[in-house]
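I opened the model and kept a notebook of what I looked up. My entries follow.

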Amino acid sequence: MSYVEEVYQNLEKKHPAEPEFLEAAKRILDSLDPIVSANEDLYRKNALLERFVEPERIISFRVPWTDDKGVNHINLGYRVQFNSAIGPYKGGLRFHPSVNQSILKFLGMEQILKNSLTGLPIGGGKGGSDFDPHGKSDAEVMRFCQSFMSELFKYIGKDTDVPAGDIGVGGREVGYLYGQYKRLSGLYEGVLTGKGLSFGGSLARTEATGYGLVYITDEMVRGVGKQLKGSTVVVSGSGNVAQYAVKKAEELGAKVVTVSDSSGYIYDPNGINFDVLCRIKQVERARIKVYADRVPGSVYHEGEKPWGEKCDIALPCATQNEINGADAAKLIANGCWCVAEGANMPSDADAIDAYEKARVDSGFLFMPAKAANAGGVAVSALEMSQNSERLSWTFEEVDNKLHDIMINIYRNVSTTAEKYGHKGDFVTGANIAGFEKVADAMLMQGMV
Ligand code: NDP
């Protein structure tokens with residue numbers, strides 16, 4: 001039995017009730033096989049994989065809070081401090097009813113590799129609660145955040161663990177969490193990222209994930225002698241990532257013909273009008289169907305996803321599992337030759353299999369989320385740097401650094417794939433490139 005298989009089988013025995021974590025661990029371990037085989041004796045001697053798959057620490061706690069009617073509630077809170085080999089734990093907090101230890105361990109493991117790919121000194125972590133902010137009043141959300149932080153503050157700090165937002169945790173929640181941390185610790189320090197600009201947030205953080213996605217896509221298509229300029233792009237979603245992916249893709253000369261929300265999608269043959277999109281989503285907070293009333297020539301497709309539209313490049317920026325095998329087949333049949341993931345896990349396993357087959361058959365390009373959407377966490381790490389310096393950089397400074405980081409990620413992923421005999425396979429390239437640096441640091445730091 002190979003070392004990778006052995007480690008996975010032990011993991012299965014130890015954590016039978018964690019299906020999401022086991023699935024992610026299996027996918028990651030399998031793709032690491034080329035580097036593990038090449039270093040098997042060294043890794044075995046240092047129990048490297050056994051250490052890599054277990055979090056350094058998991059903190060779990062109850063979160064008591066009282067709603068506006070005086071009714072008491074108890075939620076569960078977690079922080080998975082997965083790996084600090086290359087820097088302080090870094091990763092978002094998710095407030096959603098589906099949150100449990102298995103999901104947070106799965107997200108934490110992915111985060112280790114994503115953070116490593118940025119080239120910045122940030123380790124991997126993830127946390128959150130099964131609290132659902134939907135339908136809660138502002139005061140309820142504040143009381144919940146204060147109670148959550150009253151326990152979490154003991155375990156985090158600017159040099160130990162720096163959480164951020166994720167699903168259900170936006171600027172409002174980060175503000176309340178930061179306020180309570182400051183009150184309890186007495187410290188004004190960069191312990192959270194995604195902060196408001198008035199208290200240590202970074203310029204260009206809002207744009208970072210969407211812009212970063214387009215920067216890496218541009219570099220990837222250049223890598224095969226093609227161009228983003230003049231290409232037709234299909235985008236899903238119309239939230240933060242989608243909006244700034246549309247803006248940057250259009251600035252670089254592509255024509256983006258779709259955006260969507262969970263109710264349907266817009267097709268605009270003349271290219272999505274970013275200003276109209278932003279007004280609808282950021283100011284009016286309306287549904288995307290309104291776009292068709294405002295922009296002549298555009299059409300709204302109720303209840304459908306945009307993957308049937310003809311395009312060169314698809315940028316899924318909405319949610320997990322939004323492209324299944326049939327959607328991927330449709331995209332490929334319609335001439336799409338590139339997918340880069342803005343959302344986390346938007347392509348399901350069948351879709352990824354379809355991309356891989358098309359890659360082998362005809363050079364299809366696929367950049368997985370941990371590389372393609374790393375621009376968000378990269379600028380969060382730049383927020384940490386600015387907080388430590390007690391300085392704020394200009395938008396252009398941050399954007400230029402983001403651009404360089406995304407180009408470096410592409411080069412690292414691409415050359416690593418080639419080095420391990422998987423040229424053009426950016427899934428393997430991203431996993432190995434992320435892992436290589438973490439493994440090196442873990443080996444040098446000894447059995448900790
Ligand atoms: P937003 O909440 O701003 O936007 C999400 C968008 O996806 C909305 O348009 C939403 O539509 C749509 N959507 C949600 N669920 C579905 C569904 N089931 N079917 C179709 N569309 C759906 O989120 P973000 O833009 O911030 O995040 C998008 C993705 O990117 C997520 O996977 C997130 O984890 C990932 N990501 C985000 C980062 C960031 O910096 N923001 C960083 C890295 C990853 P509706 O309004 O109808 O719900």
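**Entry 1: the start of a helix.** I began with Asn273, which caps the N-terminal end of helix 11. One of its side-chain oxygens lies 3.0 Å from the backbone nitrogen of Asp275. I noted that this is a predicted model, where local features need pLDDT of at least 70, side-chain atom pairs count only at pLDDT 80 or more, and totals for chains, interfaces and linings use all residues. Residues are numbered from 1 along each chain as its sequence is written, and side-chain values use heavy atoms, with hydrogens and water left out.

Helix 11 covers residues 274–283. Helices are DSSP runs of H or I with at least four residues, strands are runs of E with at least two, and both are numbered from the N terminus.

Is Asp275 buried or exposed? Asp275 counts as exposed, because its relative accessibility is 51%. The scale I used: buried is under 20% relative accessible area, exposed is over 50%, and partly exposed is in between, with a 1.4 Å probe and protein chains only.

I then looked for buried residues in helix 11 and found Phe274, Val276, Leu277, Cys278, Ile280 and Lys281. Their cover includes helix 10 (240–251), strand 7 (255–261) and helix 12 (290–294). Contact here means heavy atoms within 4.5 Å. Just after helix 11, Arg285 takes a positive phi of about 50°.

**Entry 2: a serine in a loop.** Where is Ser347? Ser347 is in the loop between strand 11 (338–340) and helix 14 (349–362). Ser347 is buried, with a relative accessible area of 5%.

I checked its side chain for polar contacts (pairs of N or O atoms within 3.5 Å; within protein, one must be able to donate a hydrogen and the other to accept it, and residues adjacent in sequence count only if both atoms are side-chain atoms). The side chain of Ser347 makes one of 2.6 Å with that of Glu341. Another, of 3.0 Å, joins Ser347 to the side chain of Tyr355. Leaving out residues up to four places away in sequence, Ser347 also touches residues including Asn321, Ile323 and Phe366.

**Entry 3: two helices crossing.** I turned to helix 16 (residues 375–389) and helix 17 (residues 395–419). Their axes come within 10 Å and cross at roughly 130°. Axes are lines fitted to C-alpha atoms, for helices over the stretch in contact, and angles run from 0 to 180 degrees between N-to-C directions. Helix 16 and helix 17 are therefore oblique to each other. Under 35 degrees is roughly parallel, over 145 roughly antiparallel, 65 to 115 roughly perpendicular, and the rest oblique.
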